[in-house]
Amino acid sequence: RHGAVKNEDTFKTSPFHFDLWFYFTLQNWVLDFGRPIAMIILPLEWFPLNKPSAGDYFHMAYNVITPFLLLKLIERSPKTLPRSMVYVSIIMFVMGASIHLVGDSVNHRLIFSGYQHHLSVRENPIIKNLKPETLIDSFELLYYYDEYLGHSMWYIPFFLILFIYFTGCFTPVAEESRMPVAALLLMGPSSLYYWYLVTEGQIFILYIFTFFAMMALVMHQKRKGLVLDSNGLFLFYSFIITLVLIALWVVWLWNDKILRKKYPGVIYIPEPWAFYTLHMNNLHAAKESF
């Protein structure tokens, strides 16, 4: 039965999935983090502004490869997991990532026209002078699909699937609760990517609730004499390092008045691309002036 835990697989253990975690890390860095970089670096004449950019093709590949890897990860769980929930989550993930593809494509192309990510839509010089003013509402709708609806439908299923997989990463064998050298090598790049995902996606609440749920599950299973296997430890420690990186990022930019204005409220976590358009673009312009 789907969703039921079979008696015979309750105490099965699984070796560290180096191949899957490596593919995850590689494609996350290349296809997700690398897509806006590819769009900026590659010559504009190769990808005109009225056509998909190189980053858009990266995003399309990400939307196909990531669901496949998530399904493979679930298949390797030593426990039988609720497949119906997994399949619905995968469908929502693809829908959300596809919505984000369209909105993000337009928003990143606006950089070439002078759009500044550290400002709100209405405060951007190239937007606030549009006529008629109802066009500004259209750009705000595009921003909503990109930053809110697309991110929610993309990241909620993503973290849900990771948590569902995490529930199957427990073993009564203490010797299985060790990470191989390969896991330690992947932990740094994996944690750094999760930092980028949380900060750029503005999903700290989702991330921290997932992390708290993981901690609660670890403490609950410990009372039963169960410990995390190598895959569970890799995921759990990656989330811990991610939290440390987020804290360092916030402390570094704590007194930035401009970013503070864009990210008001109790939770202040600036986006890396907002930091780039605010500070790095100015740095590049200063270098070009010499």
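pLDDT is the predictor's confidence in each residue, from 0 to 100.

**Confidence.** I am looking at a predicted model, so I checked this score before anything else. The chain averages a pLDDT of 86. I found that 91% of the residues score at least 70. Residues 1-8 have a pLDDT below 50. That stretch has 10 contacts in the model beyond near neighbours in sequence. Residues 283-290 also stay under 50. There I found 1 contact beyond four places in sequence.

**Record.** I looked up the UniProt entry, which is unreviewed. Residues 20-42 are 96% helix and 0% strand. The end C-alpha atoms of residues 20-42 lie 29 Å apart. Residues 86-103 are 100% helix, with 0% strand. Their end C-alpha atoms are 26 Å apart.

**Helix α5.** Does the length of α5 agree with its residue count, or disagree? The helix covers residues 134-166, which is 33 residues. At 1.5 Å a residue, α5 should span 48 Å. Its end C-alpha atoms are 47 Å apart, so the two agree. I also noted a kink of about 40° in α5. The kink is centred on His-151.

**Gln-202.** I turned next to a loop. Gln-202 sits between α6 (181-201) and α7 (204-223). Most residues other than glycine have a negative phi. Gln-202 is not a glycine, yet its phi is positive, at about 55°.

Technical notes
Residues are numbered from 1 along each chain as its sequence is written. This is a predicted model: local features need pLDDT of at least 70, side-chain atom pairs count only at pLDDT 80 or more; totals for chains, interfaces and linings use all residues. Side-chain values use heavy atoms; hydrogens and water are left out. UniProt positions are given in the numbering used here, feature names are shortened, and annotations may be inferred rather than shown by experiment. Helices (H or I, at least four residues) and strands (E, at least two) are DSSP runs, numbered from the N terminus. The expected span of a helix is 1.5 Å times one less than its number of residues. The bend at a residue is the angle between axes fitted to the seven residues ending there and the seven starting there. Contact means heavy atoms within 4.5 Å.
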